[in-house]
Number of protein chains: 2
Amino acid sequence: MSLLQHLGWRYATKKMNGDVVPQDKLDYILEAARLAPSSSGMQPYRIFVVNDKALQEKIKPIAYDQPQIVEASHLLVFASWDGYTRERIDTVFNEMISQRPNSDQEMVNAYKERLWSLYEPLGQQWHAQHAARQAYISFGLAIAAAAEQQVDATPMEGFLPPQLDELLGLKAQGLTSVLILALGYRDTANDWLVDKKKCARRKKRSYNMCKPVFP
Amino acid sequence: MSLLQHLGWRYATKKMNGDVVPQDKLDYILEAARLAPSSSGMQPYRIFVVNDKALQEKIKPIAYDQPQIVEASHLLVFASWDGYTRERIDTVFNEMISQRPNSDQEMVNAYKERLWSLYEPLGQQWHAQHAARQAYISFGLAIAAAAEQQVDATPMEGFLPPQLDELLGLKAQGLTSVLILALGYRDTANDWLVDKKKCARRKKRSYNMCKPVFP
C-alpha cells in the first residue's frame, strides 16, 4: 500500500477500543518522528511516551475530557524547547560532529555563530514559536507512520499546555507541551466519525505556475 | 519499501541537477499534503506551485540566494491564513456539509459557534500562528510523499515572507508565506551533504511511562 492509501485510511479517531499498540509498532512510529527534518537539524523538541492509565486519567480533564486520552494505548506528548540558547545549539552541533568525525570544525563553528546571531535578536517568544513549529513536522511524520502500521491516531491540540507542563514536569526541563498524538485502535461500532466521508478540500486540478492548489 | 526506509533515503538536498519532476509525482505529493490533518479540518493554508524559471530567479534573492530555488523543478509555497474569521469557518463547514449531506446541521452549527467563541478572543496574531502551524503538518506529509516517490526535496524556512508575499500577491488573499518545499533531484556529484551520515539524535530505547524519547 502507498502512503496515499494509508492517508486515505486514517482519520482523527474519536473513540478507541483500548487495545494495546505493540512495542515494535510504537518504536516504528517514534523512529519516523525522530527522522523528521527540522530547522538546521536542531530537533528542538522531545517526545514523551505516556502509557500509564492513572497518568492518562489525570491528563483527561486537562484535555477537555476527550475520551481517547484514556482509551488510547499510548499518548505521545510533543514538547518543544522554550527557546534557543548558545548552549543548546552547541549541544546539537557537538553531537553532530561526534557522529561526523570528518566535519570541517571551522565551517561548523561559523555556521553556529551565524545561527545564534540570527536567533538571538529575535527573542525568546519567537524562539518558542519556531521550536513548536518544528514539532509539527515530526508530528506529521508520526501520523503517517501510524497510518502505515494500521495504528489509529488522534492528533490533538485541545489541551491546556500550562497544566500539562505542570503535571509532567516539563517547565523545569525548558520545555512546553504543544501536541498530543493518541495512539490506539478505532472503536468501529461506537465512533461517529468512522464512516464519514473525508472532507479534505478539493484540489484544483488545473494549477500551473503559481496557482493555488487548494482550496 | 517502508516509510522508514524512505525517510532514511531523503535528506535536505543542497544542490539539485535541474531534472524535471513528472506531473504524476507532483500530483501525488500534493495529494498527500492535501490529506494532512489540521485543527478542526480547517486546512487554513494554500499551497502554490511555482514552476517558472523567471519567477524562481526572482524568488532566489528573497531566499538568501539558495541555489535550489532555481535548480528545483517545482517550488511548493505553503501560505497560511492571516487569521480566522466567521466567514472562513463558514466556508469550510459549508463545504463539509455539501460533501456529507446527512450531517446533523444543528450539531455542525453548535460546533462552529463553539469554535468561533474559542478563537475570537485569542486575537489575530494567535490565529496566524495557529494557522501557520497547521501548514507544517501538511509540509511533513509532502516531505514523506516526495521521499516515497524518490523525489528529492529541500524544506526551507530561510526566506523573507513579506517580500515573497509581495511578489506572489499573497497578502491581498489574506495569506502569508511560511514554508517552501523545493522539489527536484539531487546533484550527487556536487552536493556536499549527499553522503553525510544522518544525525537525527539517538533515541533512548529504554523509555517507558513518561520518559522522553529523544534526546
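Here are a few friendly questions and answers about this predicted model.

Residues are numbered from 1 along each chain as written, and chains are lettered from A in the order written. In this predicted model local features need pLDDT of at least 70, side-chain atom pairs count only at pLDDT 80 or more, and totals for chains and interfaces use all residues.

Me: How much area is buried between chain A and chain B?
Reply: Buried area is the accessible area (1.4 Å probe) that two parts lose on being put together, summed over both. Carbon and sulfur atoms give 61% of it here, and the total is about 7000 Å².

Me: Which element gives the most residues to the side of chain A that touches chain B?
Reply: Helices here are DSSP runs (H or I, at least four residues), strands likewise (E, at least two), numbered from the N terminus. Among the elements that give two or more residues are α2 (23-34), α5 (86-99) and α7 (123-148) of chain A. With 14 residues, the one that gives the most is α7(A).

Me: How many salt bridges are there between chain A and chain B?
Reply: A salt bridge needs a side-chain nitrogen of Lys or Arg within 4 Å of a carboxyl oxygen of Asp or Glu. Between chain A and chain B the count is zero.

Me: Is Ser138(B) buried or exposed?
Reply: Ser138(B) sits in helix α7 (residues 123-148) of chain B. Its contacts (heavy atoms within 4.5 Å) include Ala33(B), Tyr45(B) and Phe78(B), not counting residues up to four places away in sequence. Buried means under 20% relative accessible area, exposed over 50%, partly exposed in between (1.4 Å probe, protein chains only). Because its relative accessibility is 0%, Ser138(B) counts as buried.

Technical notes: Side-chain values use heavy atoms; hydrogens and water are left out.
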